[in-house]
Amino acid sequence: MIDKIIEKGLFDFYDEIDSWQEAINKSCNKLIEKNIVDERYPKQVIETVEKYGPYIVLIPGVAMPHCQECAEGVNDTAVSFMKVEKPVVFDEEDRDKDARLFFTIASEDSSKHLENITALSDILCDEEIVEAFNKAKNVNDLKEIVKKYNI
């Protein structure tokens, strides 16, 4: 999965992002550039987080921005990766909802959506792999993670 992110150029690295809304927008930038989603998709993710809270922060430090399967503006299925050095705050009162790693999912249908969430969840259950992503600074670091963990 991570090798596909690298191969398709669906990754970004930032030092700091001012708000969680901006982080979601930026996490969708590569997906928009590659016409996997259009500008409606990040807006839908933001609206859903505003409605339900930061459900996209799966574990402390890791967010999986996504919207319901078959969301408007999704043209293809893909996952993008974004890392922010300074944690993005989703909830001032619950700092366990801060995130530095963003794996943004866009899926054409519900089965692909579930496949991507399951595959990512399997990867993110390994604390050593999450730590490796937290240390990553560039695409070469991502390639090393793929090589080392065979993901």
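This is a predicted model: local features need pLDDT of at least 70, side-chain atom pairs count only at pLDDT 80 or more; totals for chains, interfaces and linings use all residues.
Biologist: Which residues of α2 and α3 make the contact?

Modeller: From α2 come Trp20, Gln21, Ile24, Asn25, Cys28 and Ile32. From α3 come Tyr41, Pro42, Val45, Ile46, Val49 and Glu50.

Biologist: What classes do the residues of that contact divide into?

Modeller: The contact of α2 with α3 has 9 nonpolar, 2 polar and 1 charged. Tyr, Trp, Cys and Pro count as nonpolar here.

Biologist: Is the crossing of α2 and α3 left-handed or right-handed?

Modeller: α2 passes α3 in a right-handed crossing.

Biologist: What makes α5 roughly antiparallel to α6?

Modeller: The axes of α5 (residues 127-135) and α6 (residues 139-149) cross at roughly 165° and come within 9 Å. Over 145 degrees counts as roughly antiparallel, so α5 is roughly antiparallel to α6. The crossing of α5 and α6 is right-handed.

Biologist: Which residues of α5 and α6 meet?

Modeller: Glu128, Ile129, Ala132, Phe133 and Lys135 of α5 meet Asp141, Leu142, Ile145, Lys148 and Tyr149 of α6. By class, that contact has 6 nonpolar, no polar and 4 charged residues.

Biologist: Now the largest pocket. What is its volume, and which residues line it?

Modeller: The volume of the largest pocket is about 220 Å³. Its lining is Met1, Lys4, Ile5, Lys8, Leu10, Thr77, Ala78, Val79, Lys112, Glu115, Asn116 and Ala119.

Biologist: What gives the most to the lining of the largest pocket?

Modeller: α4 does, with 4 residues. α1 (2-7), β4 (78-88) and α4 (110-124) each supply at least two. By class, the lining has 6 nonpolar, 2 polar and 4 charged residues.

Biologist: What makes the phi of asparagine 35 stand out?

Modeller: Most residues other than glycine have a negative phi. Asparagine 35 is not a glycine, yet its phi is positive, about 60°. Asparagine 35 sits in the loop between α2 (20-33) and α3 (40-52).

Biologist: And what is the phi of asparagine 150, and where does that residue lie?

Modeller: Phi of asparagine 150 is near 55°, again a positive value in a residue other than glycine. Asparagine 150 lies in the segment after α6.

Note on methods. Residues are numbered from 1 along each chain as its sequence is written. Side-chain values use heavy atoms; hydrogens and water are left out. Axes are lines fitted to C-alpha atoms, for helices over the stretch in contact, and angles run from 0 to 180 degrees between N-to-C directions. Angles under 35 degrees count as roughly parallel, over 145 as roughly antiparallel, 65 to 115 as roughly perpendicular and the rest as oblique. A crossing is left-handed if the near helix is turned anticlockwise from the far one by less than a right angle, and right-handed if clockwise. Contact means heavy atoms within 4.5 Å. On a 1 Å grid over the protein atoms alone, a cavity is a set of points where a 1.4 Å probe fits but cannot get out, and a pocket is an open set with protein on both sides within 12 Å along at least five of seven lines; lining residues have an atom within 4 Å of a point. Grid points are joined across faces, edges and corners, and a volume is the space filled by probe spheres set on the points.
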